Amino acid sequence: MDMTQWMPLLGVVLGASLSFGTAYWMDAARYNRDQTSYWRKERLAAFGDFVIATKSYMAVLFRMAAARGLDDQTELLTPPQAEPLLALAFQERDAAFERVRLVAGADVVRAARDWVRLVYAMRRALSEDSLDRRRWTASMEEANRARDEFHRLAREELRRGAIPK
């Protein structure tokens with residue numbers, strides 16, 4: 001074969017290689033973009049479910065506190081009335097937290113745990129006879145600050161869009 005025959009063959013091989021490489025690169029980029037979008041949606045759903053479940057637990061606590069004159073909720077709940085609601089809210093929150101653990105990074109999981117610890121501290125405080133409105137309000141504000149920190153870290157993680165390792 002002389003050089004005039006090799007040049008077209010070389011052009012075809014080079015063109016096919018470039019075409020394959022470009023298609024492969026574009027497919028890989030689309031896959032990565034799709035994965036990022038998928039995990040962002042999964043994290044958003046997990047974070048939302050966790051927040052709703054934790055807030056549901058807190059809502060029962062607020063109603064219990066109102067029955068003791070510690071909160072301004074309009075619907076009061078005595079401890080016997082609240083127990084089945086707390087049990088259900090605990091199960092929902094616990095399941096939602098496991099999902100957060102699966103899809104979130106360490107900072108978000110830590111913030112979720114911190115928030116839940118403070119919510120459970122609110123629950124324990126309600127069983128104390130010496131609990132007054134000032135202490136109740138302080139514990140509620142502390143839990144709300146922890147919730148705000150969870151929200152901040154969750155939003156930051158959603159913005160980054162990286163898949164947690």
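Predicted model: local features only at pLDDT ≥ 70, side-chain atom pairs only at ≥ 80, totals over all residues.
**Rings, helices and salt bridges**

Biologist: Phenylalanine 47, buried or exposed?
Modeller: Phenylalanine 47 is buried, at a relative accessible area of 4%. Buried means under 20% relative accessible area, exposed means over 50%, and partly exposed is in between (1.4 Å probe, protein chains only).

Biologist: OK, rings. How many aromatic pairs does a search of the whole structure find?
Modeller: Nine aromatic pairs turn up. Rings of Phe, Tyr and Trp (its six-membered ring) pair if their centres lie within 6.5 Å; planes under 30 degrees apart are stacked, over 60 edge-to-face, and the rest tilted. One of the pairs is phenylalanine 47 with phenylalanine 150: the centres are 5.9 Å apart and the planes at 80°, so that one is edge-to-face.

Biologist: And where do phenylalanine 47 and phenylalanine 150 lie?
Modeller: Phenylalanine 47 is in helix 1 and phenylalanine 150 in helix 4, so the pair ties together parts 103 residues apart in sequence. Helices here are DSSP runs (H or I, at least four residues), numbered from the N terminus. Phenylalanine 150 is buried too, at 0% relative accessibility.

Biologist: What about phenylalanine 50 and phenylalanine 97?
Modeller: Their ring centres are 6.0 Å apart with the planes at 50°, so that pair is tilted. Phenylalanine 50 is buried at 0%, and phenylalanine 97 is buried at 9%.

Biologist: Which residues do the ring pairs link into a cluster?
Modeller: Phe47, Phe50, Phe97, Trp115 and Phe150 are linked into a cluster by ring pairs.

Biologist: What does threonine 54 contact?
Modeller: Beyond its neighbours within four places in sequence, threonine 54 is in contact (heavy atoms within 4.5 Å) with Arg93, Trp115, Val116 and Val119. Threonine 54 sits in helix 1 and is buried at 1%.

Biologist: New topic: helix 4. How many residues, and what's its reach from first C-alpha to last?
Modeller: Helix 4 has 28 residues and reaches 40 Å, close to the 40 Å expected at 1.5 Å a residue. That expected span is 1.5 Å times one less than the number of residues. Just after helix 4, glycine 161 has a positive phi of about 75°.

Biologist: Now charges. How many salt bridges does a search of the whole structure find?
Modeller: It finds 16 salt bridges. The cut-off is a side-chain nitrogen of Lys or Arg within 4 Å of a carboxyl oxygen of Asp or Glu. Among them, glutamate 157 and arginine 43 meet at 3.7 Å, N to O. Glutamate 157 is in helix 4 and arginine 43 in helix 1, 114 residues apart.

Biologist: Glutamate 157 and arginine 43, buried or exposed?
Modeller: Both glutamate 157 and arginine 43 are buried.

Biologist: Which residue forms a salt bridge with arginine 152?
Modeller: Glutamate 156 does, with the closest N and O atoms 3.3 Å apart. Arginine 152 is partly exposed at 37%, and glutamate 156 is partly exposed at 31%. Salt bridges with shared partners join Arg43, Glu149, Arg152, Glu156, Glu157 and Arg160 into one network.

Conventions: Residues numbered from 1 in each chain as written. Heavy atoms only, no water. Helix = DSSP H or I, 4+ residues; strand = E, 2+ residues; numbered from the N terminus.
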